[in-house]
Amino acid sequence: MSAESPDRSRTSAASPAGRRLGLSLLVIATAQLMLVLDDSIANIALPSIQADLGVSAADLPWVINAYVLVFGALLLFGGRVGDLFGRRRVLRISLAVFVAASLLGGLAPNTGLLIAARALQGLGAALAAPNALALIVTTFPIGKARNSAMAVYGAMSAVGIVAGVLLGGALTGLLDWRWVFFINIPIGLAVLAGTGALPAGGRGRGRLDTSGAVSGTGAMVGLVYGITRAGEHGWTDAVTLVAFAVAAVLLAVFLVLQGRTAQPLLPLGLFADRNRAGSYATILFIGAGLMGSFYLLALFLQQVLQFGALTTGLASLPFAAGIILASGVSSELVERLAPRVVAAPGLVLAAGGMFWLSTLTVDSSYAGHVMPALFLTSFGLGLAFVPLTLTAVHRVAEDRAGVASALVNTAQQIGAALGLAVLTTVSTAAADEQLPGAAQVLHQGLAVDDPGAVARAGEALALGYTTGFLTGAGLLLAAAVLVAATVATRGTQRAAETADAVRAAA
């Protein structure tokens, strides 16, 4: 990464350069918000989609999985394309693809076209996400400007997840399920118009590693599909095992090819830095904790405490508040403290919040139990995300910023899929051990107004979800140990900024 001068780093927000940076951040943050929004906005609309289009039970999950699968599989490809052909150019293309896919999804007359539109949205997201993050790395100078930008970027993940639930419920209830896709059109067009504020950048040298792109994408497809299927059909399901085996073989081929080619899709030297490799591994755990805890809590609120969909969205607002507040705090702390001094305690706090959630019962109150535990979990995750993301992309050469950013997004996406699969498996097994088919019993009891069946099912489901939270707490504690052991840099962002300024002056 090229050195930055101290004058540029301390650019006044009122200066023309400062205003341009502010507009650039608004564009990047809104793009990130839109992409994360689509991870959750369609979930609430699934029953309406199924009823309107006559979607089979087997095909319904693919309204979600098609997006997740393509998004996760093509992130590395998207990052490398941005490095080679210009990040602003690729971001613009990706936004056009995403908007067109959203229009196609909203107008879809049948299941096949809707699933195809969701896959196309995933392609647009895979091209956009790594380049949005890379533009932060290449646009904002090291120090306070980049720390603040990264805090806003991180906060958008939580805002997008919660806003997806709120908007999904509101749009489906007040208008029609098609509006969960149409809503992306004005947002995407606004972001596309604002990309003029972003630095144009130049084309990188080299060519696209086609063999690496094919084998790497295939490996990611197998891995993400295997994890997603495992959450639905079990970890010993034959198709799940085949998917993992294919992923392992293709990953081995991919790594061999990357080691032999002069212009790899994924430069393996990125993992040579212990701090960067440790950050990538820990971000995977954060993705698992972020999505896993939010998903289980949404189910607990609706199935055990009997909250409605929109009420559940409103009850989830402390989750976003915790991430936003913690991101701001950690962006200040990383100027004074080493990354692991901020990230490790944050993960311990998040584990504590998850442990607190694991003590929920059918009689727990929202204000006295759910809300503070949820806030503590999200605050801890927010504290950890900013320093780890900064460490993951720090001192990466500009022509590799897209790939380095893609690895951050890939870790998050795989972590989210893994967290959902593992915590769902654990919670379902625990609930079924107490009452087989507890969720089905709950629905039947509600349908026939059987309080006894509803109570028994509620207790079983509560046990299942709290077991999932306890497992999540263990994963986050393991992540705290991992970051403490691997992210060993003693430097701060302020020290890094000073060192770069000295090198520039020399």
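Among contacts in the protein between residues at least 6 apart in sequence, what percentage join residues at least 24 apart? In this predicted model, the share is 84%, where contact means heavy atoms within 4.5 Å. Residues are numbered from 1 along each chain as its sequence is written, and side-chain values use heavy atoms, with hydrogens and water left out. Because the model is predicted, local features need pLDDT of at least 70 and side-chain atom pairs count only at pLDDT 80 or more, whereas totals for chains, interfaces and linings use all residues.

The secondary structure comes to 20 helices and zero strands, both being DSSP runs numbered from the N terminus, with at least four residues (H or I) for a helix and at least two (E) for a strand. The C-alpha trace spans about 80 × 45 × 45 Å along its principal axes. The radius of gyration of the protein is 22 Å, which agrees with the value near 23 Å that a compact globule of 506 residues would have; this radius is taken over C-alpha atoms, and the globule rule is 2.2 Å times the number of residues to the power 0.38. The accessible surface comes to about 19,000 Å², and 68% of it belongs to carbon and sulfur atoms, the areas coming from the Shrake-Rupley method with a 1.4 Å probe and, for residues, with only the protein chains shown counting as cover. Of the 506 residues, 55% are buried (buried means under 20% relative accessible area, exposed over 50%, and partly exposed in between, with a 1.4 Å probe and protein chains only).

In soluble globular proteins, nonpolar side chains tend to be buried together. A nonpolar core is here a set of buried Ala, Val, Leu, Ile, Met, Phe, Trp, Tyr and Cys residues joined through side-chain atoms within 4.5 Å. The largest such core holds 108 residues, and those that touch the most other members are Ile-28, Phe-140, Met-150, Leu-297, Leu-347, Leu-388 and Phe-469. Helix α19 (residues 451-486) gives the largest share of this core, with twelve residues. Apart from it lies another core of 26 residues, including Ile-41, Ala-45, Ile-64 and Leu-69. When neighbours within four places in sequence are left aside, Met-150 is in contact with Leu-133, Ile-136, Val-386, Thr-389, Leu-390 and Val-393.

Ser-24, found in helix α2 (residues 16-53), counts as buried because its relative accessible area is 2%. The side chain of Ser-24 reaches the backbone oxygen of Ala-197 at 3.1 Å, and, leaving aside neighbours within four places in sequence, Ser-24 is in contact with Thr-139, Phe-140, Ala-197 and Leu-198. Leu-198 is also among the contacts of Arg-88, together with Thr-195, Gly-196, Pro-199 and Ala-200, when residues within four places in sequence are again set aside. Arg-88 belongs to helix α5 (residues 87-107) and is buried at 17% relative accessibility.

Gln-121, in helix α6 (residues 111-139), is buried at 1% relative accessibility. Gln-121 lies 23 residues from Phe-98 in sequence, yet their C-alpha atoms are 5.0 Å apart. Not counting residues up to four places away in sequence, Gln-121 touches Asp-38, Tyr-67, Phe-98, Ala-101, Ser-102, Phe-181 and Asn-184. Gln-258, placed in helix α11 (residues 238-260), is likewise buried, at 4% relative accessibility. Between Gln-258 and Gly-212 there are 6.7 Å from C-alpha to C-alpha, although the two are 46 residues apart in sequence. With residues up to four places away not counted, Gln-258 touches Asp-209, Gly-212, Pro-264, Leu-265, Leu-266 and Leu-268.

The aromatic pairs number eight, a pair being rings of Phe, Tyr and Trp (its six-membered ring) whose centres lie within 6.5 Å, with planes under 30 degrees apart counted as stacked, over 60 as edge-to-face and the rest as tilted. The rings of Trp-179 and Phe-182 have centres 5.4 Å apart and planes at 80°, so this pair is edge-to-face. Trp-179 is partly exposed at 38% relative accessible area, while Phe-182 is buried at 17%. Phe-271 and Tyr-280 also form an edge-to-face pair, at 6.0 Å centre to centre and 65° between the planes; Phe-271 is partly exposed at 36%, and Tyr-280 is buried at 6%.

Most residues other than glycine have a negative phi. Gln-306, however, has a positive phi near 65°; this residue lies in the loop between α12 (274-304) and α13 (309-315) and is partly exposed at 40% relative accessibility.

Methods. Polar contact = N/O pair within 3.5 Å; in protein donor to acceptor, adjacent residues only side chain to side chain.
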